[in-house]
Number of protein chains: 2
Amino acid sequence: MSRAEQKERTRRAIINAAFSQLSADKSFASLSLREVAREAGIAPTSFYRHFADMDELGLTLVDEAGLMLRQLMRQARQRIEKNGSVIRTSIETFMEFVTGNSNVFRLLLRERSGTSAAFRGAVAREIQHFVAELAEYLRKETTCPDELARAQAEAMVILVFHAGADALDAPPEQYNYLTSRTITQLRWLTHGAAGSGRKFKT
Amino acid sequence: MSRAEQKERTRRAIINAAFSQLSADKSFASLSLREVAREAGIAPTSFYRHFADMDELGLTLVDEAGLMLRQLMRQARQRIEKNGSVIRTSIETFMEFVTGNSNVFRLLLRERSGTSAAFRGAVAREIQHFVAELAEYLRKETTCPDELARAQAEAMVILVFHAGADALDAPPEQYNYLTSRTITQLRWLTHGAAGSGRKFKT
DNA sequence: CACTTTAGCTTACAACTGTTCGCTCATTCT
DNA sequence: AGAATGAGCGAACAGTTGTAAGCTAAAGTG
């Protein structure tokens, strides 16, 4: 096996070990280098051959999580073309992601308000991708000035994110309620924004 | 000095020490019993005379933070009576709280998605007080069915909370933008909800 | 083939952590 | 006055943590 190949392999082992140790009651901050190394099957000191410290690993995890989110968006767009309902499809896709990759979502959720400014920034950037894309969509579909389209997109993303957070602590039989509640909230936003738009324009 | 009086005093010293050690880059989870005891001016072992463990202290902190929030709401109501604008006054009061007691707000913000189910529950309960009160107000002022009033109130509280979270990482010259953005978002919600109400009723 | 590079290892250390135990001694109770 | 209570203390323990130093052996390079 090639040398670089092997290195990449244990690098992934470290990343996977870290992800697998995240859970409802274990945040990234409470992971220990030694435990991660143990699960990755390497000596603690070998960790440093791949990451300068735990923070660097953490930023890598956030990046990967962001990647998964963007894949999710692409998937959602495909579904929308077949299904039609933009809001419902988007939220349902997101909720599936949250419940299916709860550890990944929890990472973003927590580090968004965590103790590391670098982490907070990284998460904020990932979320901004969502917002920017949604804002662009709103600008096309509606007659909304740029600045307001962004504010609207931000509100929507916040509400959807929060619904995901609620789902983490809710029993599965409440998922339907959470999604329909969020759909209602987003509809209010779009109607309200459209109304204000008319108010100011016409 | 009475015995109970003295006990209460060092209990407060512990609580204050804990609050003072919370900061942008130190969460409750990363506090150590020994450090808190040190700042409170007691031996590590004396801590146990007041709290069974750090979790008990943490729940106490969340309770206190919730108390401050409720005082804040009362204060906001008084301001509204004099000022008139409900939404603007509420948000401005909240933003003042966030910037003036950032450690307290950070505690709620983080433990809302933290690693302890008990903490998450405690924070959720505190926030529900906000939501319930706001929902009741909406039921009186508007012609909104109960269920929808609650969903509307929840959306509003989430957006305001999030604006506070943004403020923590934003330079002070952006506070005005954050508040006005949030005002716009809440107006959209109320208009949208009113519109949908009419749509379903009339 | 000899030479360099480097992922991974073992050992070791110093700095913490939470918690138990037994003691002191001022306040409180009888 | 005498006994009981209980807040606070110091010493000690077992566990964990991150990380430095130096070695081994296999892969890559000329």
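How much area do chain A and chain B bury between them? They bury about 2,800 Å², 59% of it on carbon and sulfur atoms. Buried area here is the accessible area (1.4 Å probe) that two parts lose on being put together, summed over both.

This is a predicted model: local features need pLDDT of at least 70, side-chain atom pairs count only at pLDDT 80 or more, and totals for chains, interfaces and linings use all residues. Residues are numbered from 1 along each chain as its sequence is written, chains are lettered from A and ligands numbered from 1 in the order in which they are written, and side-chain values use heavy atoms, with hydrogens and water left out.

**Chain A against chain B**

- In chain A, the residues that lose the most area to chain B are A:Thr115, A:Ile158 and A:Trp188, together 24% of what that side buries.
- The contact (heavy atoms within 4.5 Å) takes 32 residues from chain A and 32 residues from chain B.
- Four salt bridges are counted between chain A and chain B. A salt bridge is a side-chain nitrogen of Lys or Arg within 4 Å of a carboxyl oxygen of Asp or Glu.
- A:Glu154 and B:Arg181 join their side chains in a salt bridge, at 2.8 Å from N to O.
- Between chain A and chain B, 12 residue pairs are in polar contact, both residues at pLDDT 80 or more. A polar contact is a pair of N or O atoms within 3.5 Å; within protein, one must be able to donate a hydrogen and the other to accept it, and residues adjacent in sequence count only if both atoms are side-chain atoms.
- On the side of chain A that touches chain B, α5 (102-111), α7 (146-169) and α8 (175-201) of chain A each supply at least two residues. Helices (H or I, at least four residues) and strands (E, at least two) are DSSP runs, numbered from the N terminus.
- α8(A) gives the most to that side, with 11 residues.
- By class, that side of chain A divides into 11 nonpolar, 11 polar and 10 charged residues. Ala, Val, Leu, Ile, Met, Phe, Trp, Tyr, Cys and Pro count as nonpolar, Asp, Glu, Lys and Arg as charged, and the others, Gly among them, as polar.

**Two domains in chain A**

- Chain A is assigned domain 1 (1-51) and domain 2 (54-201). These bounds come from an automatic or database domain assignment.
- The C-alpha centres of domain 1 and domain 2 of chain A lie 29 Å apart.
- In chain A, 20 residues of domain 1 are in contact with 15 residues of domain 2.
- Domain 1 and domain 2 of chain A bury about 1,500 Å² between them, 71% of it on carbon and sulfur atoms.
- A:Phe19, A:Phe28 and A:Phe51 of domain 1 lose the most area to domain 2 of chain A, together 45% of what that side buries.
- One salt bridge is counted between domain 1 and domain 2 of chain A.
- A:Arg12 forms a salt bridge with A:Glu64, their closest N and O atoms being 3.2 Å apart.

**DNA strand C**

- Near DNA strand C (a heavy atom within 4 Å) there are 21 residues, and the closest are A:Ala43, A:Arg49, A:His50, B:Arg3 and B:Arg34.
- Of the atoms of DNA strand C within 4 Å of the protein, 50% belong to sugar or phosphate and the rest to bases.
- The side chain of A:Ser46 has an N or O atom 3.1 Å from a phosphate oxygen of DNA strand C.
- B:Ser32 places a polar side-chain atom 2.9 Å from a phosphate oxygen of DNA strand C.
- Two elements give two or more residues to the surface near DNA strand C: α1 of chain A and α2 (33-40) of chain B.

**DNA strand D**

- DNA strand D has 21 residues around it, and A:Arg3, A:Arg34, B:Ala43, B:Arg49 and B:His50 come nearest.
- B:Arg3 has a polar side-chain atom 2.9 Å from a sugar or linking oxygen of DNA strand D.
- B:Ala43 has a backbone N or O atom 2.6 Å from a phosphate oxygen of DNA strand D.
- The surface near DNA strand D has four nonpolar, nine polar and eight charged residues.
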